[in-house]
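Reader: Hi! I have a protein model open and I'm new to this. Could you walk me through it?

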Amino acid sequence: MNPLLERKLNELKSAQDYECWYLVKHSTNFAHLCYLVTFLKDYKDNPGVSVNLEEHISKKVSLINSVKPNLRLSDNYRALRVAAFFGLIKMTSSKYDECIFTDTYYEILNRCSGDFEKTELYQDIITRQIEKMYISSSIDEGKANVRGEYAIFPIMFLNKILLELGKATGSYSITMNEYRYLVATTKKYSDFLETMLYIKLLREEGDQTYNSGISVIEEFKTLRGKFDNRMNKAIELLEYIESSNDKLTLKEEYIPLISKKVYEFESKNYNFSDSEYIDFLCSTKSLFSDDTKKTSKILTPEWFKEKGEEFTGDDLEAQRIYVSFNENYGIDKLSTYSGEELLNALFLGGNSDNLCHELEYVKRNTDLFGSIKNGNAFKYPLFKRNGTWMTGTARNPKELQLDETIIIGVKVRDGLVNAVKAIKESLPLESVEQYLSLYSKLFTIIPEYVDSLWVTKYFHMIFPDLFPVFYNRDWQLKVLSLLNITPSETSYGRLGQINEFVRRCEISNVVFSKVFHKYCKNTIFDEDQDVIFDDVEVDKLTGGTNIILYGVPGAGKSWTIKNEYCDDDDRIERLVFHPDYTYSDFVGQILPRLDDDGSVSYKFTPGPFTKLLRKSYINPNKMFYLIIEEVNRGNAPAIFGDIFQLLDRNKDGSSEYKITNSDIAKIVYGNENYKVSIPSNMSILCTMNTSDQNVFTLDTAFQRRWSMRLIKNKFKEGKESELANARILDTTVTWEKFFSEINNIILQKNIRMTSSEDKRLGTHFVSIEDLKYIQGDEKQNSRFPEKVLKYLWDDAFKFTKEDIFDLDNVRSLEDVIEHFLSAKGDERFEVFKENIYNTLVRN
């Protein structure tokens, strides 16, 4: 055997078990891991729902497997360790219920709305996270010993090897033996030439006989148990590597992309500290710049075509309905009608079998071809109400005689007939410019109706391959924004843009609409997307409100917001008012920035209020929450400034009044002349400690625009039983017992104390972790006295310590804490007066 190859073999023989690229031996199924993380989050958010995490996950897994039997999710909660390797959770200790849920997890949750088995919706994130895996970090228990010398991004090293082998041999593959014994045992990226040499030598000498009488490759394979690293299970999740039992191959179509990634990787210095790496892994950042990112299918024409296969039945039914519709409402049929028969065939109210009823109210029609249910009947040129034909507007209705109604009806019918003929004469429509030209022709024929949704839908029913099933402007903009297509300023331009994309998908407009509504419509559009909106009204979520939640410190105000209002970071902007917080911080400010050409320009940078206002406006079917903690610690009226005027709300939750603010309007609406208002799907929730009322006074004019909600200082049954019943360290006294008795004493001393009610302990003044006892761990056991006893000594009973503490035995805070820590069990409470001790311990 070549001496170099033999040296490598001997190194492997002397290596420790798993001294290689390593991933713990649990499921690497990304969907399964995301579900486990979700169950872990539910366990953390709802203390007391289960005895322990293992039981909770077992229950949840059993439930979801009954609902989704094809998922076959395992209830092994220890697989959460792999979730840490993939950056879905950030471990802060060895306990899973002390972890932090990462931006990456929430990004995936938002993409797929919790249907994690739809990995095609977030395959790019899977690829990004696996590419970011680093060996070795503190996530890996072997970092301090067996893998202490490893410092490598394994996927990038593998990509480098595959590329270099492909250039040299024409085959972008390695065998699993080459991967296991030569590639996955490489400790640093800079050693790639040495690894390439080993691969070359093994390929040349692998079949030769070694000293023991077996081949060289068989001698390597005797070490398989030592190097069973399972990293290949993560590699199998990459879209650009084909993995089989005997080799790994870089797919041909991805070679340019991977070449670019490797080039950029080698051009950068990825020199992280361990903590910096963990933060990077858990973030939504990539190793690469945006132009190297690629998703093979999601939101591409190929992806839509693939997804469209599940809607073949709908497509066939649509074709049948098109034929029937043309027989009943095509221009040949409409041309045969006259007089009152024409009115009844076209407009609402004459009978149930008319064109407008078919377009708006027939359920299967709206299911397949989209809804135009918006506004009222006055959107149509004519309709019949209580036996009388009507026209005009809701504010200015006009009753018509039959003869004048017929005149209008004939005009509408002739306009539709001539418009359809104009569309036929304009064929083919293959570019946006041709759609814009068509609009000009139609405008001269039916200027009053060309922009009406019902007319656009009628055109779709006659020309289903030309008019997409998105008639409303907001929906057109959503589709184009999701496809990363800059929208045209006109409706027909946008219809042309969507139809052009649908043609590339090689599916029908109905199928495209079905795919979009199933997989894409719940996407939340970010505040930095370049979208333009106008005054078109759409169905919006209502109920936006202004609420101040107040109560004693620790009463659970933030907990209430999280558990009763919203726990979705994508729909929240959270901030804290403080004395130095300003209007510019809240709304936005003009800041300098360095342009690509080196010049300095100034641009308005939106603050949290403006960012959330934009999100709310462009996602009208979701409720968004601006959460302001400690609202009275800042000068609230000054911080709100002109936004103050928007706090008055209509019944639907939208602003009663609008303001002029060009900076906000340009960010939110794309039009600096647009009047600014808070939409009905945006709520503002504030918290305020009653003990802080005098930090900044909230004047009457400000307070009257808010609903005030007192958060009672009581444990909620069920949801908070775990905290309430938790014992304080090694004593028999529960937190609820201590909390209740001390608060009773505080209230009883109200004659001698100012604002005694505000000095009470809140239910969430401590966490379960503050109450835990670990023998010999002074740091842990100090958490309760350092937080609670210090508060009672320094604040609640600052001037009346003799009311609660046994001052004959404890003369200082140091004495209190030292005695509490040195005692055992219930004796710890002997720092208090005898009557209080007896109340806590013996009652």
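This is a predicted model: local features need pLDDT of at least 70, side-chain atom pairs count only at pLDDT 80 or more; totals for chains, interfaces and linings use all residues.

Reader: How many residues line the second largest pocket, and which lie nearest its centre?
Author: Its lining has 34 residues, and Tyr43, Lys44, Asp45, Pro47 and Asp97 lie nearest the centre. The space in this pocket comes to about 1000 Å³.

Reader: Which elements each supply at least two residues of that lining?
Author: Besides H2, they are strand E2 (100-101), helix H26 (557-565), strand E10 (572-576), helix H32 (721-724) and helix H34 (768-771).

Reader: What about closed spaces? How many cavities of 30 Å³ or more are there?
Author: The structure has one of that size. The largest cavity holds about 80 Å³ of space. Among the residues lining the largest cavity are Tyr22, Phe85, Met133, Tyr134, Ile135 and Tyr277.

Reader: I clicked on Ile135. Is the peptide bond joining isoleucine 135 and serine 136 cis or trans?
Author: That bond is cis, with omega about 15°. Serine 136 sits in the loop between helix H6 (123-131) and helix H7 (154-169). For background, most peptide bonds are trans.

Reader: Where else is there a cis bond?
Author: Go to leucine 427 and proline 428: the peptide bond from the one to the other is cis, with omega near 0°. Proline 428 belongs to the loop between H20 and helix H21 (432-445).

Reader: Since you mention H20, how many residues does that helix have?
Author: Helix H20 covers residues 402-425, which is 24 residues. From first C-alpha to last, H20 reaches 34 Å, close to the 34 Å expected at 1.5 Å a residue.

Reader: And which residues in H20 are buried?
Author: Several, including Thr405, Gly409, Val412, Arg413, Leu416, Val420 and Ile423. A handy thing to know is that an α-helix has 3.6 residues a turn, so residues three or four places apart point the same way.

Reader: Nice. What about serine 437, is it buried or exposed, or something in between?
Author: Serine 437 is partly exposed, because its relative accessibility is 39%. You'll find serine 437 in helix H21.

Reader: Changing topic: which residues have the most contacts inside the largest nonpolar core?
Author: They are Trp21, Phe86, Tyr122, Ile174, Tyr179, Phe304 and Phe512, in a core of 123 residues. Helix H2 gives the most to this core, with ten residues. There is also a second, separate core of 55 residues, which includes Ile372, Leu438, Trp454 and Tyr458.

Reader: What does the side chain of asparagine 681 reach?
Author: The backbone oxygen of lysine 622, at 2.8 Å. Leaving aside neighbours within four places in sequence, the contacts of asparagine 681 include Leu541, Ser616, Pro620 and Phe624.

Reader: And threonine 366, buried or exposed?
Author: Threonine 366 is buried, since its relative accessibility is 18%. Threonine 366 lies in helix H19 (residues 363-369). A polar atom of its side chain lies 2.9 Å from the backbone oxygen of lysine 363. Not counting residues up to four places away in sequence, threonine 366 touches Leu359, Glu360, Ser371 and Lys457.

Reader: Last one! What is phi for tyrosine 18?
Author: Phi of tyrosine 18 is near 65°, a positive value in a residue other than glycine. Most residues other than glycine have a negative phi. Tyrosine 18 sits in the loop between helix H1 (3-14) and H2. For another positive value, look at glutamate 630, with phi near 55°. Glutamate 630 is in the loop between strand E13 (624-629) and helix H29 (636-640).

Conventions. Residues are numbered from 1 along each chain as its sequence is written. Side-chain values use heavy atoms; hydrogens and water are left out. Helices (H or I, at least four residues) and strands (E, at least two) are DSSP runs, numbered from the N terminus. The expected span of a helix is 1.5 Å times one less than its number of residues. Buried means under 20% relative accessible area, exposed over 50%, partly exposed in between (1.4 Å probe, protein chains only). A nonpolar core is a set of buried Ala, Val, Leu, Ile, Met, Phe, Trp, Tyr and Cys residues joined through side-chain atoms within 4.5 Å. A polar contact is a pair of N or O atoms within 3.5 Å; within protein, one must be able to donate a hydrogen and the other to accept it, and residues adjacent in sequence count only if both atoms are side-chain atoms. Contact means heavy atoms within 4.5 Å. On a 1 Å grid over the protein atoms alone, a cavity is a set of points where a 1.4 Å probe fits but cannot get out, and a pocket is an open set with protein on both sides within 12 Å along at least five of seven lines; lining residues have an atom within 4 Å of a point. Grid points are joined across faces, edges and corners, and a volume is the space filled by probe spheres set on the points.
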